[in-house]
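Welcome! Please take a look at the structure below, and then we will walk through a few of its features together.

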Amino acid sequence: MQTVNKDSWPMKQVASILYLDVWAAFPNVSHIRLLDRMRDMGLHKDTVRWVASFLTDSSTLLSFDDFTSDPVPVPTGIPQGSLLSVILYLIYSSSLLSIGEGTLGKKDQILGFIGNTAFVVVGPTIGENIRRLRKLGEEGLEWANDLALLFNIKKYQLVHHPCHSTPDADQLLPLTLAGHTIKPSNSAKYLGVIVNKGLKFKEHAEKASKPQQPSLASQMHPLACPTTTSDASF
């Protein structure tokens with residue numbers, strides 16, 4: 001928001017933001033790549049060994065009514081609901097924030113937390129922003145492929161934040177990426193906040209003030225019970 005309000009509009013430039021979503025972030029983490037990443041970051045070998053033990057011999061089972069399945073090995077992924085898993089995923093995906101060399105401008109940014117990422121570009125025209133977002137998007141897909149992750153392109157959101165001089169036709173310019181056309185919308189939801197193209201928060205305030213109905217998932221008993229037989233010792 002600061003990039004839009006401070007770095008683009010006062011300079012009569014336009015900001016465009018592509019919001020990305022990683023599909024099944026935790027379950028698709030490769031143990032080998034995670035441990036290699038920790039070594040590359042210079043983490044202590046005992047820490048790496050402890051995490052390796054934590055991830056060893058993980059299994060899951062299905063339980064409902066009077067039935068419980070046999071444990072099924074889980075050779076990839078990190079446990080959902082574990083505080084440690086949040087830290088491990090941030091380590092695993094941290095290289096995403098370093099892509100875009102030669103593409104990012106001085107005012108451009110890559111933001112990310114867990115499976116939510118945003119490419120923020122600022123330029124004189126939306127057409128120029130689209131060009132840079134397309135290149136960043138392609139690099140992002142290559143990054144995900146290298147880490148055995150998968151972006152859910154169908155859930156991508158594109159929002160242009162035009163200045164007063166931006167032609168109306170340009171505000172409708174879409175982004176085409178990997179055969180998918182992503183049309184711009186008036187707002188997008190990122191980390192629980194609805195961001196409007198004019199930085200108006202009326203939509204978010206109205207939604208937040210409405211009584212929330214419990215989801216079906218929240219009323220159901222857990223079906224899968226992840227377990228681990230590792231003692232996480234060294």
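## Where two helices meet

Let's begin with a pair of helices. On the α2 side, His 31, Leu 34, Leu 35, Met 38 and Arg 39 are in contact with Thr 47, Val 48, Val 51, Ala 52 and Leu 55 of α3. Sorted by type, the residues of this contact are seven nonpolar, two polar and one charged. Arg 39 is the charged one, because Arg counts as charged.

How do the two helices lie relative to each other? Helix α2 covers residues 31-40 and helix α3 covers residues 45-55; their axes come within 10 Å and cross at roughly 165°. The two helices are therefore roughly antiparallel, since an angle over 145 degrees counts that way. Their crossing is right-handed.

The mean pLDDT of the protein is 85, and 85% of its residues reach 70 or more.

One stretch calls for care: over residues 219-225, pLDDT stays under 50. For these residues the model has 11 contacts beyond four places in sequence. Where pLDDT is low, the predicted coordinates should not be read in detail.

## Two residues with a positive phi

Now for two loop residues. Ala 24 is not a glycine, yet it has a positive phi of about 50°. You can find Ala 24 in the loop between β1 (14-21) and α2. Is Ala 24 buried, partly exposed or exposed? With a relative accessibility of 27%, Ala 24 counts as partly exposed, because this value lies between the cut-offs of 20% and 50%.

Asp 65 also has a positive phi of about 50° without being a glycine. Look for Asp 65 in the loop that runs between β2 (58-64) and β3 (67-68). The relative accessible area of Asp 65 is 77%, so Asp 65 is exposed.

## A buried threonine in a loop

Our last stop is Thr 103, which sits in the loop between α4 (83-93) and β5 (109-113). Is Thr 103 buried or exposed? Its relative accessible area is 8%, so Thr 103 is buried; the cut-off for buried is under 20%.

Which residues does Thr 103 touch, once its neighbours within four places in sequence are left aside? Thr 103 is in contact with Asp 108, Arg 132, Lys 135, Leu 136 and Glu 139.

How values were computed. Residues numbered from 1 in each chain as written. Predicted model: local features only at pLDDT ≥ 70, side-chain atom pairs only at ≥ 80, totals over all residues. Heavy atoms only, no water. Helix = DSSP H or I, 4+ residues; strand = E, 2+ residues; numbered from the N terminus. Buried < 20%, exposed > 50% of the residue type's maximum accessible area, 1.4 Å probe, protein only. Contact = heavy atoms within 4.5 Å. Axes fitted to C-alpha atoms, helices over the stretch in contact; angles between N-to-C directions. Parallel < 35°, antiparallel > 145°, perpendicular 65-115°, else oblique. Left-handed = near helix turned anticlockwise from the far one by under 90°. pLDDT = per-residue confidence, 0-100.
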